[in-house]
Amino acid sequence: MKFMVIVKANKDTEAGVMPSTELLAAMGKFNEEMVKAGVMQAGEGLHPTNKGARVKYAGGQSTVSHGPFSPTGDLVCGFWLIETKSLDEAIGWMKRAPFDGGSEIEIRQVFAAEDFGEALTPELREREERLRAQAAKK
Amino acid sequence: MRFMMLMIPQGYESAPAKLDLDPERVAAMMRYNQALKDAGVLITLEGLHPPATGARVRFDSGLPVVTDGPFTEAKEVIGGFWMIDVASRAEAIAWAKKCPASANEMIEIRQVQEMGDFSEEVQQAAATFEHPQGGWGKALR
């Protein structure tokens, strides 16, 4: 099962406060452990929302608004993509993440083709697989 | 520049664990994904199961505390994301505007951090961990 681990924004990440050298080193070590265990597929940090934008859709029209956004606790400041056997295993890994106070993460399962049932016709499925293979080659 | 386009569907925070999808909407989204790919900007994309099946881990007490979904206090949750590589923020916004999204959906566009964005000290601290694209994590693609 594939999981996305969403790292929640807080006052510091939204203000662009960078992590300490100690935290960076600890996080690098944690990432390395997950890579060695074959669990980690990707991970990135995101710039604060004051550099971001949002697009809303209504009646065929889209409206753009610029950051920062609120409430802070619902925003994202980074993520990992991991592959584990169960949600419990994903939680087990994340309990070991070297976060200090004030951090929160959310763990969510990633959709696989079989989750879509009949809505994903064989044609669409083949197209999706081709697209992913091509995007991965980039 | 790499950007993440985060899909935020209104009401997804309380969506049931099992989803019913409209095949027509799935097909329209596939055409959009194909357009991103054809333009050479798509890196990856994923959809996320509703938060009802998810978990949260908090670290504010110094020890990890786990809560199972759904998360009653959440006003917004992520339903999925695209990772794209474009020349500017304006180009990322232009792509998001083309998305066949419905009125209850919203896309948030956020730039991905690259090592070059940070001071030399920060870069050195993270140097033990090699990333093919210069970011924080290691993509195993």
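## Strand pairing between the chains

Two strands are said to pair if DSSP finds at least two bridges between them. In this predicted model, strand β3 (residues 53-58) of chain A pairs with β6(B) in the antiparallel sense, over four bridges. Within this pairing, A:K56 stands opposite B:M106 in β6(B).

## Extent of the interface

The size of an interface is often given as the accessible area lost when the parts come together. Between chain B and chain A the buried area is about 6,800 Å², and carbon and sulfur atoms give 60% of this. On the side of chain B, the residues that lose the most area to chain A are B:H49, B:F59 and B:R110, which together account for 12% of what that side buries. In terms of contacts, 77 residues of chain B meet 71 residues of chain A.

## Polar and charged interactions

Seven salt bridges are counted between chain B and chain A. One salt bridge between the chains joins A:E44 to B:R2, with the closest N and O atoms 2.8 Å apart. The count of residue pairs in polar contact between chain B and chain A is 29, with both residues at pLDDT 80 or more.

Several elements of chain B give two or more residues to the side that touches chain A, among them β1 (2-9), α1 (23-38), β2 (42-47) and β6 (105-111). The most is given by α1(B), with eight residues. By class, this side of chain B comprises 44 nonpolar, 15 polar and 18 charged residues.

B:N33 belongs to helix α1 of chain B. Its relative accessibility is 4%, and B:N33 therefore counts as buried, the cut-off being under 20%. Leaving aside neighbours within four places in sequence, B:N33 is in contact with A:L131 from the other chain and with B:L42, B:L45 and B:W82 from its own. B:A52 lies 19 residues from B:N33 in sequence, and their C-alpha atoms are 26 Å apart in space.

## Surroundings of A:A97

A:A97 is located in the loop between α3 (87-95) and β6 (104-109) of chain A. A:A97 counts as buried because its relative accessibility is 6%. Not counting residues up to four places away in sequence, A:A97 touches A:F30 in its own chain and B:F59 in chain B; B:F59 is also one of the residues of chain B that lose the most area to chain A. The C-alpha atoms of A:A97 and A:A26 are separated by 8.6 Å, although the two residues are 71 residues apart along the chain.

Methods
Residues are numbered from 1 along each chain as its sequence is written. Chains are lettered from A and ligands numbered from 1 in the order in which they are written. This is a predicted model: local features need pLDDT of at least 70, side-chain atom pairs count only at pLDDT 80 or more; totals for chains, interfaces and linings use all residues. Side-chain values use heavy atoms; hydrogens and water are left out. Buried means under 20% relative accessible area, exposed over 50%, partly exposed in between (1.4 Å probe, protein chains only). Contact means heavy atoms within 4.5 Å. Buried area is the accessible area (1.4 Å probe) that two parts lose on being put together, summed over both. A salt bridge is a side-chain nitrogen of Lys or Arg within 4 Å of a carboxyl oxygen of Asp or Glu. A polar contact is a pair of N or O atoms within 3.5 Å; within protein, one must be able to donate a hydrogen and the other to accept it, and residues adjacent in sequence count only if both atoms are side-chain atoms. Ala, Val, Leu, Ile, Met, Phe, Trp, Tyr, Cys and Pro count as nonpolar, Asp, Glu, Lys and Arg as charged, and the others, Gly among them, as polar.
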